[in-house]
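Here is a short report on a protein model. Look over the sequence and the structure first.

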Amino acid sequence: MDSITCLTCGHLNPPDNHKCEICGSPIETQDSPIDATKSGSQSPNPPEDLSSPHIPGEIHGVGGLLGKASLTPAQQAHTRLLKELIAGEGTTPTPPGQPKMRANNLLRIGVGSVIILLILISLLVELPFFSPPELSSETLAARQLIYSLPPGAPVLVAFDYQPAYIGEMSRASQGILAHLMAQQAYLTLISTQPTGPALAELLIAEIGRYTGSVYQAPEQYQNLGYLPGGASGLLIFSEKPHQMTPVTADGEPAWENSEVNQINHISDFSLVLVITDDPETGRTWIEQIGPKLGDKPLVFVSSAQAAPILQPYYASQPQQLQGLISGVAGGMAYQESALFFLNNNQAGVPWSTYSLALWAGAAIMILGVIVAFICRMNEEDSEPRSGGMKP
Amino acid sequence: MRRRPFSVFLLVIAIASGLVVLLGYWINLPALATLRDLFVRWAAILAGMAVLVGILNLLYVHWLKVSQPKPGGAYSLALLIAFVLTFLVAIVDTPTGSWSLWIFRYVQLPVEASLLALLAITLLVAVFRMLHRRFDWFSLVFIGTAILILVGSTYLPEVNMPVLQSLRTWLLQVPTVAGARGILLGIGIGVVATGVRILTGSDRPYEG
């Protein structure tokens, strides 16, 4: 008789064992549906009931999905785990006791109220507590690159972030976009996300209102709209931009303005600026576009969450990113250093409000630690334990 | 196991396409480069079409829910009406026209931003309750790091916090960047391994 494989750890056990020698998990018996396939043998009958009438488009359990496929014990174990997870999703959890529900809801309402109240107060009352953020080396590098652009320089700007992140991303990118407009760069807007073209139009119009110099299409910028195809689309665009995007988002012919009609390759742009909230999207741009740029700079505006993943590209030698502005702090530092354009009251939530919300979040966490510590002390007083804190 | 002829056909197509595109970057042959560009362009067109297919599938699923009255069917009806209205506005006014942007600015942006704002509150509540469920050193280090990053991101003019700022900078520059580099290397190796598996026919995602 063959040895039996433990479905938990994969160890081969003698046939008469009821528990695994290694992990101690119970081993399936001969009657078990899984047992029929042990030692690599093929399952004659899938474990699910396949007698129910088949409805097109429905998958009849794991058996229906896999048919008579031969599964290894590890695959059987994964299948079983997946089935349990799916079954758990379909069942309604037993409602917890009313007092606990009330406490959780009160906690949610309390935390939300504290944060909202503090934000409202700080918006109404000028808070002079917080200094503007400091300028990092990567933000400084981005600023120097923009300063070096001549008037009319063609710049490609990618708006690759989700509308949900507009609060952070618009705050992070307003400064550099306003700076580009002040340098009179010709902007070519593009996005690999369907919502990107609308975000681009809104932000360009908004900055125009704040700065007083409204950019006009197609004289000062063109919006190429949505670029499909992910990495493949980017690759083709980098080599043949005219072919990939012959018309603008409005359906008008693109590339007709004198600043861009000579652009036949991505390296013909003076600078490429990517605004993204997602490290994966940022990575795709760096990998597909970066090597084709030659000596032309690639600058990123990223969300605070994406910045740690993008930072190594800036820190590497040779640099794959020539400038990086990360999060609200980076955007604020850029604006403060460039000494222009947008003041706090015009361009969204002031820095002091943002800082106060961060402090409030930290205070709530500290309060949570204190409350948990007191609760634990009370528990230990009521029922003494042998061990201390778990490692 | 015997393979069906169609599976073999798919396998040959996939391997040949992958090899042509890969060799197109390594070998400087105009014909190969043209073929490579053609394949990559097809891939981009197919990916664009996938978005349309996804939209059609979404509409079909919600149409089924509306046509066979079920609980929650009203939401599906709302989705279909919203889709038709937005589609017509975008067709008539262009996707970046003033009406389209009005819908985007006053409907989509507030809804998505509000959901993300709720996430911030939910995460704070989760951290508050975390230590009640699991009171150990790892939880304390986790919360301590989060507090340090949050507080270290702000600048108080009257309070000089060089140690705090230095610690935050060190955390972001050393362990975080080290972890990020590890992730990037892992992704790179994973992509190469997946490519090799598809090129050798070990992995056949196109078979469904």
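This is a predicted model: local features need pLDDT of at least 70, side-chain atom pairs count only at pLDDT 80 or more; totals for chains, interfaces and linings use all residues.

Residues are numbered from 1 along each chain as its sequence is written, chains are lettered from A in the order in which they are written, and side-chain values use heavy atoms, without hydrogens and water.

**Chain A**

Chain A has twelve helices and eight strands. These are DSSP runs, with at least four residues (H or I) for a helix and at least two (E) for a strand, numbered from the N terminus. Of its 391 residues, 45% are buried, meaning under 20% relative accessible area with a 1.4 Å probe, protein chains only. Chain A exposes about 19,300 Å², by the Shrake-Rupley method with a 1.4 Å probe. Carbon and sulfur atoms supply 58% of that area.

**The cores**

A nonpolar core is a set of buried Ala, Val, Leu, Ile, Met, Phe, Trp, Tyr and Cys residues joined through side-chain atoms within 4.5 Å. The largest one has 40 residues. A:Val157, A:Leu180, A:Leu187 and A:Leu273 have the most contacts inside it. Helix 5 of chain A gives the largest share, eight residues. Chain B takes part too, through its helix 4 (98–133). A second, separate core of 36 residues includes A:Leu234, A:Ile289, A:Ala306 and B:Ala180.

A:Leu187 touches A:Val155, A:Val157, A:Leu180 and A:Ile204, among others, not counting residues up to four places away in sequence. Contact here means heavy atoms within 4.5 Å.

**The interface**

How many residues does each chain bring to the contact?

| Item | Value |
|---|---|
| Contact residues from chain A | 67 residues |
| Contact residues from chain B | 52 residues |
| Area buried between chain B and chain A | about 5,400 Å² |

Buried area is the accessible area (1.4 Å probe) that two parts lose on being put together, summed over both. Carbon and sulfur atoms give 75% of it here. B:Phe128, B:Phe135 and B:Tyr155 supply 14% of the area that chain B buries against chain A, more than any other three residues.

Two salt bridges are counted between the chains. Each is a side-chain nitrogen of Lys or Arg within 4 Å of a carboxyl oxygen of Asp or Glu. One salt bridge joins the side chains of A:Glu239 and B:Arg36 (3.9 Å, N to O). On the side of chain B that touches chain A, helix 4 of chain B gives the most, with 16 residues.

Conventions: Buried means under 20% relative accessible area, exposed over 50%, partly exposed in between (1.4 Å probe, protein chains only).
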